[in-house]
Amino acid sequence: CIEESDPWWKAFSGACRDMHITLKCEIFPAGTDSRFIRAAGHPALGFSPMNHTPVLLHDHNEYLNERVFLRGIEIYTCLLSSLASVPPLPAEG
Amino acid sequence: RGQDPGEHPSVTLFREYLRLKTVQPEPNYDVAVRFLERIAAELGLGCQKVEVCPGRVVTIMTWQGTDPQLRSILLNSHTDVVPVFEEHWTHDPFEAFKDSQGNIYARGAQDMKCVSIQYIEAIRRLKAEGKRFPRTIHMTFMPDEEIGGFKGMQLFVKRPEFQALNIGFALDEGLANPTDTFTVFYGEKCVWWIKIKCEGN
């Protein structure tokens, strides 16, 4: 689902490009709830807007900087505007 | 709710959520559901609760689009967090202590209470700006993810309430990245759970 022809990816990556955000696409190294969403037939991306942050999930002293957190809200504001405005798909008539 | 008058209200809300002890193996889900219901009321969003199995409630908040026939955007997150070894923490993991650099220490700060509040605050801002979009946006708040989702998402996707969301595309958690770049995950490894029984002698 990360091809330019995919309308959702186009909306997601296009919004990131507008924000001058660099993305790195990867396979998640563990399991999340996304696997059930994908198995039910819906495209899903795993994204937590945390850059400049050491990977500390499940670890001691897990933390997040408030500026990174607040920037993440701005990022979602832009992503949601783009995703919720994707024009009707062929299947939606 | 805020002690620090100079603090951004979104940060204050994040820290409040981090203080709720939704920690495995006995997460206080009731307190999380009440918190979410309060926010839905504040934002004027529809709020639905689906008890997928006893004591395991999925909370759904909905911002209706202008063309509700279209498939929706799903913003998913989980409310539970993994346990802690408190002796290895420099601060109480459920205090949400913020240091002078602005680092907020808490179990769930990255995985993934940040994301739940970011979804909420992004929608709060868009609504406050008077924005409307064609597609409906649903936020789902899931129990049980950290122990496999078997009493959470796995059951929820089988429910008629899930079908009714009419999902076109979903976002869920990713991971932090120490560099300037953001990581995005388009798939994940297959899970193969094995049970090992060790008998002592």
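In this predicted model, strand 1 (residues 46–53) and strand 2 (residues 56–63) of chain B run antiparallel and are joined by 7 bridges. Within this pairing, B:Val50 has B:Val58 of strand 2 as its bridge partner. The hairpin that these two strands make has 2 residues between the strands, and B:Gly55 takes a positive phi near 80° there. Strand 2 of chain B is also joined to strand 6 of chain B, again in the antiparallel sense, by 5 bridges, and in this second pairing the bridge partner of B:Trp63 is B:Ile137 in strand 6.

Chain B as a whole holds 5 helices and 8 strands, and from the N terminus on its elements follow the order α-α-β-β-β-β-β-α-β-α-α-β-β. Its radius of gyration is 18 Å, close to the 17 Å that the globule rule gives for 201 residues, so chain B is as compact as a globular protein of that length. Along the principal axes, the C-alpha trace of chain B spans about 65 × 45 × 35 Å.

An open sheet is formed by 3 strands in the order 3(A)-5(B)-4(B), with antiparallel pairing; its edge strands, each of which pairs on one side only, are strand 3 (63–65) of chain A and strand 4 (97–98) of chain B. Elsewhere, strand 2 (residues 44–46) of chain A pairs with strand 7 of chain B in the parallel sense. The table sets out the two pairings between chains, and the bridge partners are described after it.

| Strand of chain A | Strand of chain B | Sense | Bridges |
|---|---|---|---|
| Strand 2 | Strand 7 | parallel | 3 bridges |
| Strand 3 | Strand 5 | antiparallel | 3 bridges |

The contact between the two chains draws on 78 residues from chain B and 70 residues from chain A. The area buried between them is about 7,300 Å², and carbon and sulfur atoms give 62% of that area. On the side of chain B, the three residues B:Gln110, B:Phe182 and B:Tyr186 supply 13% of the area that this chain buries against chain A, more than any other three residues.

Several elements of chain B each supply at least two residues of the side that touches chain A, including helix 1 (9–18), strand 3 (72–78) and strand 8 (182–188). The largest share of that side, 10 residues, comes from helix 3 of chain B. By residue class, the side of chain B that touches chain A divides into 41 nonpolar, 23 polar and 14 charged residues.

Side chains of opposite charge can pair when their charged atoms come close. Over all chains the count comes to 15 salt bridges, and the count between chain B and chain A is 4 salt bridges. A:Glu92 forms a salt bridge with B:Arg135, in which the closest N and O atoms are 2.9 Å apart. A:Arg38 and B:Glu188 also meet through their side chains in a salt bridge, at 3.8 Å from N to O. This latter pair crosses between chains, from A:Arg38 in helix 2 (residues 34–39) of chain A to B:Glu188 in strand 8 of chain B.

Conventions. Residues numbered from 1 in each chain as written. Chains lettered and ligands numbered in written order. Heavy atoms only, no water. Contact = heavy atoms within 4.5 Å. Buried area = accessible area lost by both parts, 1.4 Å probe. Helix = DSSP H or I, 4+ residues; strand = E, 2+ residues; numbered from the N terminus. Nonpolar A, V, L, I, M, F, W, Y, C, P; charged D, E, K, R; others polar. Pairing = 2+ DSSP bridges. Rg over C-alpha atoms; globule rule 2.2 N^0.38 Å.
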